[in-house]
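Open the model in your viewer and keep the sequence panel beside it. The stops below say what to select and what is there.

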Amino acid sequence: MTEKELRKKAMALPLQPGVYIMKNKDKKIIYIGKAKKLKNRVSSYFGSHSNHSIKVIRMVENVDDFDYILCDSEFEALVLECSLIKLHQPKYNILLKDDKGYNYIKITKGEFPKISECKQMSDDNATYLGPYTSNFSVKQAVEETLKIFKLPRCNKQFPRDYGKSRPCLNGFMGLCCAPCAKRISKEEYANNIQDAISFLKGGSAKAVKEMEAQMAELAENLEFEECAKLRDRIKAIKNLEEKQKVVSINVPEEDVFALVTSNKKACFEVIRFEHGKLTDTEFWLIDPVDDLEQGRFELIERYYSMRERIPSRIAVDGSIADEELLREFLESKRGKKVEFIHPQKGEHLSIVNMCVKNANEHLAQHQGRLGREIAALEDLKQLLGLEKIPEYIESYDISHTFGADNVAGMVVFHNGRPMKSAYKRFSIKGFDGQNDVGSMREVLTRRFDHYYNDEEGSTFKILPDLILLDGGEPQVNAVLPVIRGMGINVPVFGMVKDSKHRTRAIALNGGEIEINSHRQVFTLVSNIQEEVHRFAITYHHNKHKKSTLSTSLTKIEGIGDAKAKALLKHFKTVTAIKNAAVDELLQVKGISAANANSIFDFYHNL
């Protein structure tokens with residue numbers, strides 16, 4: 001069907017709740033959605049695409065027909081939609097791949113067994129503990145066990161490598177019993193392994209209780225050396241428990257969700273708590289999400305369609321579209337009350353922030369950047385109230401000497417880092433004298449003239465996500481009407497310095513935003529301001545130097561700007577021109593005999 005025919009079919013739909021199923025020309029299902037009013041929702045796809053994201057436009061381009069199923073309520077439509085998406089996995093729906101398999105703890109056989117985590121059991125005569133559903137918990141348990149019982153985690157094979165080499169760094173630091181250096185006997189190693197297995201099976205509380213009983217018995221028998229080893233183990237267990245309290249909450253169970261998106265990818269992060277302790281973490285890298293509120297709704301719904309346990313409380317890093325409908329859906333699955341919270345302070349906010357930070361880190365790793373860079377951009381987005389993360393930032397500064405040699409520098413920061421290939425320099429042409437506001441207005445006008453008129457491939461064709469001007473509210477107020485009049489809708493802010501020329505605040509049209517307390521934002525904005533100032537003032541110094549040199553030459557009768565430039569190009573410096581003979585001066589293109597004599601007389605008759 002054509003888009004016109006699809007719209008006509010959509011306009012005939014009833015204003016009732018239901019599920020719509022988009023299909024391509026091969027009759028394959030490519031998108032499934034729910035609607036409170038089918039006619040309004042489905043018809044919105046066909047017609048004007050001005051409010052549609054690129055992803056929706058691509059989906060609509062592939063739609064050849066659609067089916068629909070009427071429901072008695074929006075809730076019933078949501079349940080049906082969830083079931084159909086799980087069954088058909090349509091290409092254009094937000095999907096989460098459920099690759100969460102079982103996890104095991106493996107204990108090898110032999111005189112020197114090793115403990116490790118693995119994804120599946122093998123027929124290798126090893127002992128396996130599990131299965132466990134949480135990969136995070138298994139890794140954490142194995143790591144804690146290796147630390148407490150000082151067991152090796154290297155690739156050396158014992159008894160083959162027993163006593164054959166110096167200990168590695170872990171051995172020197174006392175984190176490993178170092179069988180490689182023969183620091184432990186086979187019997188003592190075997191006892192440590194048995195204690196470690198008991199610890200893994202029984203947990204820390206039971207292990208501590210048993211060790212304390214053993215300590216008392218050893219002390220009575222005056223076996224103080226063995227007693228000290230147990231004391232150190234108990235201390236290590238308690239130290240780890242103290243560290244775990246940093247990521248604990250005062251509720252029996254809670255899941256925490258965060259959604260961080262960029263222009264290329266998004267990360268959906270989940271942190272799960274049971275009995276007040278962190279028990280699992282998961283994340284998915286997905287296509288960019290245009291509508292965060294709708295994205296959170298769909299992702300949380302998809303997540304719980306894959307997981308059995310639904311907690312009594314769910315913390316989220318932002319608003320959720322149709323939150324009451326989603327809550328009703330989860331309560332029907334759980335059979336009990338479910339509460340959504342959006343923390344503003346306290347321990348729950350710190351946990352949500354930790355979830356956001358983890359999502360930023362995973363997104364950064366995928367994009368080959370440091371986590372702190374994308375985290376700084378996320379913080380800047382929140383602080384300035386931007387619609388999306390400012391991945392492409394342009395910054396401008398004006399430089400001159402008392403109004404002479406007016407120039408401007410433009411620097412670009414892409415994903416928190418300087419993108420020097422996109423830097424631009426402007427020589428102010430519209431007027432002479434000192435006028436920073438007028439200069440900034442001219443520069444932004446010329447910049448966006450390039451946006452409209454340059455050929456494809458020019459970095460001027462890239463529309464920035466954010467513009468930062470070196471200056472306060474006057475610069476912002478001067479520039480905004482200019483770029484808005486040119487049809488450019490880009491957020492513009494100023495960077496305000498204190499009396500010591502250090503970044504103090506961000507200026508906007510109507511006030512200032514303090515950034516000193518926002519460390520990552522402060523560092524990013526300070527770096528941008530320092531870089532644009534350096535770039536602009538370097539250009540100004542170079543221009544001013546040439547201007548000064550040219551001015552001394554143009555004092556000579558018959559020598560104008562063109563001939564002064566030709567002389568400097570040929571001799572490189574004024575000193576070389578001063579020391580040149582008349583016949584050498586005549587070798588410069590455009591210099592006549594009269595000019596050469598005038599230059600020679602000027603410098604030798606001073």
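## Stops along the chain

Begin with Pro-159, which sits in the loop between α5 (135-148) and α6. The model is a predicted one. Select Phe-158 together with Pro-159: the peptide bond joining them is cis, with omega at about 15 degrees. Most peptide bonds are trans, and most residues other than glycine have a negative phi.

Next, go to helix α6, residues 169-172, where Leu-169 is found. Select Leu-169, Phe-172, Met-173 and Leu-175 and show the surface; these residues form a nonpolar patch there, with about 440 Å² of accessible area together. Leu-169 has a relative accessible area of 61% and is exposed, because the cut-off for exposed is over 50%.

Move on to the loop between α6 and α7 (186-220), and pick Ala-178. Its phi is near 55 degrees, a positive value in a residue other than glycine. Lys-182 lies in the loop between α6 and α7, and Lys-182 also has a positive phi, of about 60 degrees, although it is not a glycine.

## A helix pair

Now display helix α9 (residues 292-306) with α10. At what angle do α9 and α10 pack? The angle is about 5 degrees, and the axes are 11 Å apart. That makes α9 roughly parallel to α10, because angles under 35 degrees count as roughly parallel. To see the contact, show side chains on both helices. From α9, select Phe-297, Ile-300, Glu-301, Tyr-304 and Ser-305; they meet Leu-325, Leu-326, Phe-329, Leu-330 and Lys-333 in α10.

## Salt bridges

Side chains of opposite charge can pair when their charged atoms come close. How many salt bridges does a search of the whole structure find? The search finds 28, and the selections below include some of them.

Select Lys-34 and Asp-322, which form a salt bridge with the closest N and O atoms 3.9 Å apart. This pair links distant parts of the chain: Lys-34 is in strand β2 (residues 29-35), and Asp-322 is in the loop between β10 (313-316) and α10 (323-334), 288 residues apart. Lys-34 is buried, with a relative accessible area of 11%, while Asp-322 is partly exposed at 38%.

Then select Lys-388 and Asp-465, whose side chains meet in a salt bridge of 3.2 Å, N to O.

For another pair, select Glu-512 and Arg-504, where the salt bridge is 2.9 Å, N to O. Glu-512 is partly exposed, with a relative accessible area of 46%, and Arg-504 also counts as partly exposed, at 32%.

End with a network. Select Glu-253, Asp-255, Arg-272, Glu-274, Arg-309 and Arg-334, which are linked by salt bridges.

Technical notes: Residues are numbered from 1 along each chain as its sequence is written. This is a predicted model: local features need pLDDT of at least 70, side-chain atom pairs count only at pLDDT 80 or more; totals for chains, interfaces and linings use all residues. Side-chain values use heavy atoms; hydrogens and water are left out. A salt bridge is a side-chain nitrogen of Lys or Arg within 4 Å of a carboxyl oxygen of Asp or Glu. Helices (H or I, at least four residues) and strands (E, at least two) are DSSP runs, numbered from the N terminus. Buried means under 20% relative accessible area, exposed over 50%, partly exposed in between (1.4 Å probe, protein chains only). Patches are made of residues with over 30% relative accessible area and no salt bridge: like charges are joined within 9 Å, nonpolar side chains (Val, Leu, Ile, Met, Phe, Trp, Tyr) within 5 Å. Accessible areas come from the Shrake-Rupley method with a 1.4 Å probe; for residues, only the protein chains shown count as cover. Axes are lines fitted to C-alpha atoms, for helices over the stretch in contact, and angles run from 0 to 180 degrees between N-to-C directions. Angles under 35 degrees count as roughly parallel, over 145 as roughly antiparallel, 65 to 115 as roughly perpendicular and the rest as oblique. Contact means heavy atoms within 4.5 Å.
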